[in-house]
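Me: Please examine the following model with me and answer some questions on its helices and the contact between its chains.

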Amino acid sequence: MDFSFLSQPAFSGGGTYLDWVITGIKWTVLVSLCAWVIAFSVGSVLGVMRTTKVWWLNGPATAYVELFRNIPLLVHMFIWYFVMPEMVPKVLGAWMKQGMPMPEFWSAVFALGFYTASRVAEQVRSGIQSIPRGQTNAALATGLTMPQVYRHLLLPMGYRIVIPPLTSEFLTIFKNSSVALTIGVLELTAQARTISEYTFRTFEIFTLATVVYVLITMAVVVVMQLVERRVRVPGYIGTGR
Amino acid sequence: MFTGFDFDVIQRALPYLGQGMLTTLGLTLLAMVGGIVLGTLLALMRLSSIKAISIPAGAYVNLLRATPLILVIFWFYFLVPIAIKHISGDSYAQGIGPFHSALIAFTLFEAAYYCEIIRAGIQSVPAGQVNAAYALGLNYRLATTLVVLPQAFRNMVPILLTQGIILFQDTSLVYVVGLTDFMGAASKVAQRDGRLVEMYLFAALVYFIICFFASFFVKRLQLRITPPR
């Protein structure tokens, strides 16, 4: 193991190889966080829609989840990056191909975000559905309307219950962000591969990349444990465990 | 929207795509079998009371579950040839090609996920079953193979199959090492003929149909085999 190559100036310019690794980490984190914003918000809405008994709400949400879950992420990436500009109106398509800043980045964010949204939706749905029916009935009996039941009972309880599964979805989004390399986002895995091709230090650079992913995982787990402790429902020792 | 959509391209590429699909299915099935076998061993190791056995298995599972699949595929794509040269001592030894290195990567990667599923399955078997087996004079090996694992697997079949569907989708990532699986075939035709829209939408449709019906089948199976409690 010899990591001294990291301080060498990179073959094609742009700082040292270490700078490349840092750029890679930056893109991995950026793609993942931006995608998570989409995944969490869209997934929450879809998950709530699936728990309602209104057909025009839960029908489309179910269709979305089935459609997005059953197509591999790689295909999503290609569709957002290669197919989307051809399918939208011509003017918009032309802008997406030429004018849009960082097309790879945004395609990756949308693909990863809308893909993960379907998985978040399933978690939110199962969290809400795991709340005993009696609680909903009791809330309705006290005179709350259905939107109020969601606002004051189902959502606050449901979200606390799904923190552990949502944590693993959040971890998955960091790992899945590596698929963005297929459309040219120079995130951590892509940088590792390029550096290995330039320096033949395959073993070292892949080890470094693996360690960084493990560190990201550990950081997320620690943060989510803090969140979980903060929002724990008093009196519920093992809620959602 | 579909003006200029060329269905002919898809039809002409069908035999080639079919071959790619065979590669995908072969890779999925082999990695699934290998992953379940290895995952069972890892699960038994993780549940062992001997620390020297359970800790390495736990470390392996957690490490692989924290690493992106693409990185694991790269690891084996580059490492396997080096390992072969090292083991055989022949510096001109032939590599084993992308299919086998991908197969090894998927097997070892999926084993970590299967391990967690199987571990949960084993833990769902009531402790009384194990005690009863020991009381009848069975040793660890017999109690595990005759009493614990059959019951555990019965409960786990739907989840194992669902993981298989996820694996089927994940095999599309072998694209990154240039292997011609279904997705690889689709993208090669797409680039050769300049027909990205048709090929990628068709690939999405095929994946969707297969996975949708496979999950539907798994759901029905789950209802049928859930043991009476």
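Predicted model: local features only at pLDDT ≥ 70, side-chain atom pairs only at ≥ 80, totals over all residues.

Residues are numbered from 1 along each chain as its sequence is written, while chains are lettered from A and ligands numbered from 1 in the order in which they are written.

Me: At which residue does H6(B) bend?
Reply: Helices here are DSSP runs (H or I, at least four residues), numbered from the N terminus. In H6(B) the bend is about 55°, with B:Pro158 following within four residues, and it lies at B:Met156.

Me: Is B:Arg154 buried or partly exposed?
Reply: B:Arg154 lies in helix H6 of chain B. A residue is buried if 20 or more other C-beta atoms, placed from the backbone, lie within 10 Å of its own, exposed if 12 or fewer, and partly exposed in between. Because B:Arg154 has 13 other C-beta atoms within 10 Å, it is partly exposed.

Me: On which residue is the kink in helix H3 of chain A centred?
Reply: The buried residues of H3(A) include A:Leu73, A:Val75 and A:Pro85. Their cover includes H4, H5 and H8 of chain A together with H7 and H8 of chain B. The kink, of about 40°, is centred on A:Trp80.

Me: Which element gives the largest share of the side of chain B that touches chain A?
Reply: Two residues are in contact if their C-beta atoms, placed from the backbone, lie within 7 Å. The contact takes 27 residues from chain B and 28 residues from chain A. On the side of chain B, H2, H3 and H8 each give two or more residues. The largest share, eleven residues, comes from H8(B).

Me: How many residues does the largest nonpolar core have?
Reply: A nonpolar core is a set of buried Ala, Val, Leu, Ile, Met, Phe, Trp, Tyr and Cys residues joined through C-beta atoms within 7 Å. Among those with the most contacts inside the largest one are A:Val75 and B:Tyr200. The number of residues in this core is 116.

Methods: Bend = angle between axes of the 7 residues up to and from the residue.
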